[in-house]
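The exercises below are to be worked with the sequence and the model side by side. Each task is followed by a solution that goes step by step.

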Amino acid sequence: MENSHQDIAYLIQPSRLAGEVHVSGAKNSVLRLLAASLLTKETIVLNNYPQHLLDAQVHVRMLEALGKRCEVSDDQIIIKEPNKIKTELVWEGRSIRNTLLILGALTARNGEGAVPLPGGCKLGERKYDLHEMLLIKLGATVWAKGEYLFASAPKGLKGTDIHLPIRSTGATENAIICGTLAQGTTRIWNPHIRPEILDLIKFLSSMGASIKVYGQEHIEVTGKDGLAGTTYSVLPDNMEALTWMVAATITGGSIEIQNFPFKDLEVPLIHLKESGTRFFKGKNSMIVRGGKCYPLEISTGPFPGINSDMQPLLAVYGAFAKGQSVIVDLRFPGRYAYVNELEKMGLEYAIKGNLLRIKGHGSLYGANVRALDLRAGIALALAGLGAESGETLIQDAWQIERGYNAFVEKIKALGGNISYG
């Protein structure tokens, strides 16, 4: 499907979603774990693996291009290294931002690496300067040539103190990955502590890494001479779990969400409860039933707050409420571009700087729209399912399949009227 992903479109009819759905492994975690598998020559087994994610499929082919052998079956991937891996990722396909973590892992293990400059979501100014900075601090020489980014540390990386100017998820992850095989101790100050970071730390610790977390203050990584293989289960995707909660409420449905990551969504759950969502906690599931959308006011921020990925979902929620909802995104205000597409479905809004005001009328209607990125795409899909009338055609729906595992199949199993357009 990846080769023809530009042709993917969804045709969605208004639908009431009801039934059970299982939350897959987290996209924002599994890509990091795949990159970290480059730190060892031993076998890595990942369970709860979201095998249908387009970004994961791209990453697996990148690992194979470097010399890894990957076997995928039934929500599991086995990564082996039959021969010594290459240090340069020669890649002409679609790029993903995770190439920066691949560069860190290759440099940490082999003393050098080269990867294509990253692609992925267009979220304003998201460059690679922090990754360049931390590699240089760890003793590497870093330079760009053509469409590639190179790093060289022939005597190995050396532990140091890394002060991040902002709480960057990617830079925190790369510093951790690099620190596991660096000589001495690496301290990462002002890290972004969030569930996916902690999952990466647990995964690396199961490989023998020595990592200590001192709250939001700093992370301490003591370098090892090498890391071992491991078998590990990817944490549930909190973005997917939140998606099903919003979907149940705006479609007037009833969904039991299995494998629900309660501790990772404590703050968003408070906002949803106050904004009309009715939910009941099961043993390992969340039941969402009989709620009604009320206006909400949110501001994005570091975990445990509402992250920027969540705000397009909550904007759609606000569109189905009657009254004004307010969203403030201090990190990625450029992400509001998706509201131009929602406007085609009847959304009334105003943007001023990093503030988005939504004038909710309690309903939207079907239209021909385009998924500008992953989170924008899922917002449009939910809007189409909850629409009062009309069909919604979503162009570039491959963006959704970058981060949602078996999305069409899950929607159909819940009674949703969705097909490839």
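**Exercise 1.** Determine how the lining of the second largest pocket divides by residue class in this predicted model.

*Solution.* Begin with the lining itself, which is made up of 14 residues, and note that Arg 109, Leu 181, Lys 224, Asp 225 and Gly 226 lie nearest the centre of the pocket. Sorting the lining by class then gives 5 nonpolar, 4 polar and 5 charged residues. The space in this second largest pocket comes to about 200 Å³.

**Exercise 2.** Identify the residues with the most contacts inside the largest nonpolar core, and list the contacts of Ile 257.

*Solution.* The largest nonpolar core has 70 residues, and those with the most contacts inside it are Tyr 10, Ile 257, Phe 260, Ile 394 and Phe 407. Once neighbours within four places in sequence are set aside, the residues in contact with Ile 257 include Val 21, Val 23, Trp 244, Met 245 and Met 286, as well as the polar Asn 284 and Ser 285. A second, separate core of 67 residues includes Ile 85, Leu 157, Ile 176 and Ile 201.

**Exercise 3.** Decide whether Asp 74 and Asn 190 are buried, partly exposed or exposed, and locate each of them.

*Solution.* Asp 74, in the loop between β4 (69–73) and β5 (76–80), has a phi near 45°; because its relative accessible area is 71%, which is over 50%, Asp 74 is exposed. Asn 190, in the loop between β10 (185–189) and α6 (195–206), has a positive phi of about 60°, and at 23% relative accessibility Asn 190 is partly exposed.

Methods: Residues are numbered from 1 along each chain as its sequence is written. This is a predicted model: local features need pLDDT of at least 70, side-chain atom pairs count only at pLDDT 80 or more; totals for chains, interfaces and linings use all residues. Side-chain values use heavy atoms; hydrogens and water are left out. A nonpolar core is a set of buried Ala, Val, Leu, Ile, Met, Phe, Trp, Tyr and Cys residues joined through side-chain atoms within 4.5 Å. Buried means under 20% relative accessible area, exposed over 50%, partly exposed in between (1.4 Å probe, protein chains only). Contact means heavy atoms within 4.5 Å. On a 1 Å grid over the protein atoms alone, a cavity is a set of points where a 1.4 Å probe fits but cannot get out, and a pocket is an open set with protein on both sides within 12 Å along at least five of seven lines; lining residues have an atom within 4 Å of a point. Grid points are joined across faces, edges and corners, and a volume is the space filled by probe spheres set on the points. Helices (H or I, at least four residues) and strands (E, at least two) are DSSP runs, numbered from the N terminus.
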